[in-house]
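Work through the exercises below with the sequence and the structure open. Each task is followed by a solution in steps.

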Amino acid sequence: WEPVLEAVAERIFGKYGGIQTPEEKELGFWYTVWKHPEIPIYRVEGDKKDAALTSQGRVVISGQGVNAGYRSKDQHDVKLPERILHPQLAMFAVPGREIRYAFDADDNANAILNVRRDLVREAELLEARGNIVYNIAWKPEQGKGVDDLIKISGPLAFEKADLNAKPIESTANTHYRTEYNRIARQVRKDIPDIPPEYTDAEIHGRAISSR
């Protein structure tokens, strides 16, 4: 785990009523976070974005890439029966804790689709553990990453975006609607004369096999 400066830690815990006890302080920043599920955790991609949000008094778990928070293969590169959370994220994924995503605001269609897919995959694993998941969004012209947002548009722009974060269901619904339409187009191309009553079953089968 990356160390957090004492002054920054005090600012973060001060947002939640100065909850850190002397024992927790002795055992360290991340122990305190683990002990207190009322502290939200923010998810970003990359060290610069991690530092930017930490400077705003947030607890951040980052990774290199939007799919860093979950695993689909084991250490031998063998596909797992189902996806699992990265262990360093899983240990904080306790029931009732908020997980708030601040991934990049892309303006490229393919990037938007890929980021949203991996966000939803990870978020579903978190919701299965009882986490409350939100997605923070802002306009690309305000800055691509959250570090750019804070630098270009100012800290208040992030605070506003955070305040207006939407439950992950909205992002998930958009993802699955887009996936349905994409597979449906391919089905109609592959099987032009497929009867309407079999279309959904074919789409469902293809969606399951591609997970």
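**Exercise 1.** Does Asp 77 count as buried or exposed?

*Solution.* The model is a predicted one. Start with the location: Asp 77 sits in the loop that joins β3 (70–73) to β4 (79–85). Next, take the accessibility: Asp 77 has a relative value of 54%. The cut-off for exposed is over 50%, so Asp 77 counts as exposed. Last, look at the backbone: the phi of Asp 77 is positive, about 70 degrees, although this residue is not a glycine.

**Exercise 2.** Work out which residues of helix α7 are buried and how they are arranged about the helix axis.

*Solution.* Step one is to list the buried residues. In α7 (residues 146–153) they are Val 146, Asp 147, Leu 149 and Ile 150. Step two is to look down the axis of α7: the buried residues fall within an arc of 165 degrees, so they line one face of the helix. Step three is to turn to the face pointing away from the buried side, where the exposed residues Lys 151 and Ile 152 are carried. Step four is to find what covers the buried residues of α7; the cover includes β1 (41–45), α4 (47–54) and α8 (155–163).

**Exercise 3.** Give the strand order of the open five-stranded sheet and identify its edge strands.

*Solution.* Read across the sheet: the order is β2-β1-β5-β6-β7, and the pairing is mixed. The edges are β2 (59–63) and β7 (166–167), each of which pairs on one side only. β1 and β2 run in the parallel sense and are joined over five bridges.

**Exercise 4.** Classify the ring pair formed by Tyr 101 and Phe 103, and state whether each residue is buried or exposed.

*Solution.* The structure holds six aromatic pairs. In the pair of Tyr 101 and Phe 103, the centres are 5.2 Å apart and the planes make an angle of 75 degrees. An angle over 60 counts as edge-to-face, and that is the class of this pair. For burial, the cut-off is under 20%. Tyr 101, at a relative accessible area of 0%, is buried. Phe 103, at 4%, also counts as buried.

**Exercise 5.** Which residues do ring pairs link into a cluster, and which ring has Arg 100 over its face?

*Solution.* The cluster consists of Phe 13, Phe 29, Trp 30 and Phe 92. Arg 100 lies over the face of Tyr 134, 4.8 Å from the ring centre.

Note on methods:
Residues are numbered from 1 along each chain as its sequence is written. This is a predicted model: local features need pLDDT of at least 70, side-chain atom pairs count only at pLDDT 80 or more; totals for chains, interfaces and linings use all residues. Side-chain values use heavy atoms; hydrogens and water are left out. Buried means under 20% relative accessible area, exposed over 50%, partly exposed in between (1.4 Å probe, protein chains only). Helices (H or I, at least four residues) and strands (E, at least two) are DSSP runs, numbered from the N terminus. The arc is that of the directions from the helix axis to the C-beta atoms. Contact means heavy atoms within 4.5 Å. Two strands pair if DSSP finds at least two bridges between them. Rings of Phe, Tyr and Trp (its six-membered ring) pair if their centres lie within 6.5 Å; planes under 30 degrees apart count as stacked, over 60 as edge-to-face and the rest as tilted. A charge sits over a ring if NZ of Lys or CZ of Arg is within 6 Å of the ring centre and within 35 degrees of the ring normal.
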